[in-house]
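Work through the following exercises with the sequence and the 3D structure at hand, and try each task before reading its solution.

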Amino acid sequence: MKQIGWEYQRAAALCGLTAVGYLLCNLLLQWGCSALLGMWVPGASLHNPAGISAGGAALLQLLVTAVSLALPAWGAVRAGHVGRISWMPTGRAERHFWTPVFLGSAMLANLAVSAIQIAVGRPPAAMMLPEGGWPLFFVFLALCPVAAVGEEYLFRGVLQGLLRPLGGFTAVIGAAVPFALLHGSLAQGAVAFVCG
């Protein structure tokens with residue numbers, strides 16, 4: 001019984017370290033890129049990319065996002081001896097049931113949070129996107145396939161894989177809570193928790 005308790009504690013600690021590792025990697029990589037840009041052009045940073053093209057700045061952000069997700073996931077898989085990594089139900093019937101449930105829940109949560117924000121006088125913020133070309137393509141890659149698929153792999157694949165021995169409910173909630181907290185705002189966190 002002691003051995004099982006230790007394995008559970010180790011899995012939970014590794015999940016926490018992985019989530020914090022993702023934040024730390026992202027912060028350090030953004031800081032490093034900003035420092036390099038600032039050395040090239042005084043006052044430049046990753047968020048104010050003076051001296052490089054919009055496409056170059058978007059590509060740099062894409063790389064930061066990809067590496068920030070990949071390093072902690074790789075470390076957790078190696079340290080946790082995670083076997084099969086999957087965030088999709090294995091059966092076809094399960095996918096046909098859970099996909100609409102997931103998408104419907106995500107849309108309802110998004111609508112509810114937006115309605116609450118509007119009701120309290122804080123409408124959702126809009127993101128400014130590049131007008132087109134390579135910068136828009138790199139921003140699309142950074143936000144959609146890399147961030148979305150990478151976060152699914154990290155939270156639903158790796159973290160749930162680490163927590164799976166604790167039971168299905170614990171694995172789902174144990175991955176959904178840090179996923180929600182890492183979004184940084186109540187509105188995004190609520191939607192992320194429902195999606196998680």
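A contact here means heavy atoms within 4.5 Å. The model is predicted, so local features need pLDDT of at least 70 and side-chain atom pairs count only at pLDDT 80 or more, while totals for chains, interfaces and linings use all residues. Residues are numbered from 1 along each chain as its sequence is written, and side-chain values use heavy atoms, with hydrogens and water left out.

**Exercise 1.** Find which elements make up the chain.

Solution. Begin by counting the elements: the chain holds six helices and zero strands, where helices (H or I, at least four residues) and strands (E, at least two) are DSSP runs numbered from the N terminus. Then read them in order from the N terminus, which gives α-α-α-α-α-α.

**Exercise 2.** Determine whether Thr 65 is buried or exposed, and list what it touches.

Solution. First locate Thr 65, which lies in helix α2, residues 54-80. Next take its relative accessible area of 10%, by which Thr 65 is buried, since buried means under 20%, exposed over 50% and partly exposed in between, with a 1.4 Å probe and protein chains only. Finally, leaving aside residues up to four places away in sequence, Thr 65 touches Ala 142, Val 146 and Ala 147.

**Exercise 3.** Decide how Leu 27 compares with these cut-offs.

Solution. Start from its place in helix α1, residues 2-40. Leu 27 has 57% relative accessibility and therefore counts as exposed. For the chain as a whole, 31% of the 196 residues count as buried.
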